[in-house]
Amino acid sequence: ITPLTAAEQQRFNAGRDVYRNLCLGCHQADGRGQENLAASLLGSELALGPATVTARILISGKEGRAGLMPPLGAALNDDQIASVLTYVRREWGQIGSPVDPSAVRQARSASTGRTRPWTNDELLALSAAAGQ
């Protein structure tokens with residue numbers, strides 16, 4: 001695993017705070033989620049997938065078998081989304097790549113005008129198109 005740079009470590013630390021304040025209630029302290037409420041983030045294809053796809057989940061929300069991930073794009077800025085995604089992708093023994101705010105800006109731009117949450121199938125198709 002490639003160590004985080006100083007800037008990425010700062011992003012990770014900031015992401016821990018965002019996670020504790022907004023995500024922990026549903027996804028739990030260990031990232032395992034809750035049945036019929038929130039999906040597990042551990043080993044999640046979408047959580048660890050292309051950052052521009054994963055960021056769309058936070059920006060516009062996601063419909064899923066476990067429940068609805070609410071859209072947080074209006075409440076969180078690009079730096080906060082990049083931070084919490086970096087945290088999720090590197091916590092609990094996961095070795096995902098850190099997320100740069102530029103990837104979140106790209107995802108936000110691609111989501112402009114979207115009025116409903118993403119579906120799992122839509123996100124998987126975007127991941128496949130991104131080469132994952």
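Predicted model: local features only at pLDDT ≥ 70, side-chain atom pairs only at ≥ 80, totals over all residues.
1. Helix 2 passes helix 3 in a right-handed crossing.

2. The residues that make the contact are Ala51, Thr54, Ala55, Leu58 and Ile59 on the helix 2 side. On the helix 3 side they are Ile81, Val84, Leu85 and Arg89. By type, the residues of this contact comprise seven nonpolar, one polar and one charged.

3. How do the two helices lie relative to each other? Helix 2 covers residues 51-60 and helix 3 covers residues 78-90. Their axes come within 10 Å and cross at roughly 115°. Angles of 65 to 115 degrees count as roughly perpendicular, and helix 2 and helix 3 are therefore roughly perpendicular to each other.

4. How many disulfides does the structure hold? The count is zero. A disulfide is a covalent bond between the sulfur atoms of two cysteines. To be counted here, a pair of cysteine sulfur atoms must lie within 2.5 Å.

5. Is Cys23 buried or exposed? Cys23 has a relative accessible area of 12% and is buried, the cut-off for buried being under 20%. Cys26, at 34% relative accessibility, counts as partly exposed.

Key
Residues numbered from 1 in each chain as written. Heavy atoms only, no water. Axes fitted to C-alpha atoms, helices over the stretch in contact; angles between N-to-C directions. Helix = DSSP H or I, 4+ residues; strand = E, 2+ residues; numbered from the N terminus. Parallel < 35°, antiparallel > 145°, perpendicular 65-115°, else oblique. Left-handed = near helix turned anticlockwise from the far one by under 90°. Contact = heavy atoms within 4.5 Å. Nonpolar A, V, L, I, M, F, W, Y, C, P; charged D, E, K, R; others polar. Buried < 20%, exposed > 50% of the residue type's maximum accessible area, 1.4 Å probe, protein only.
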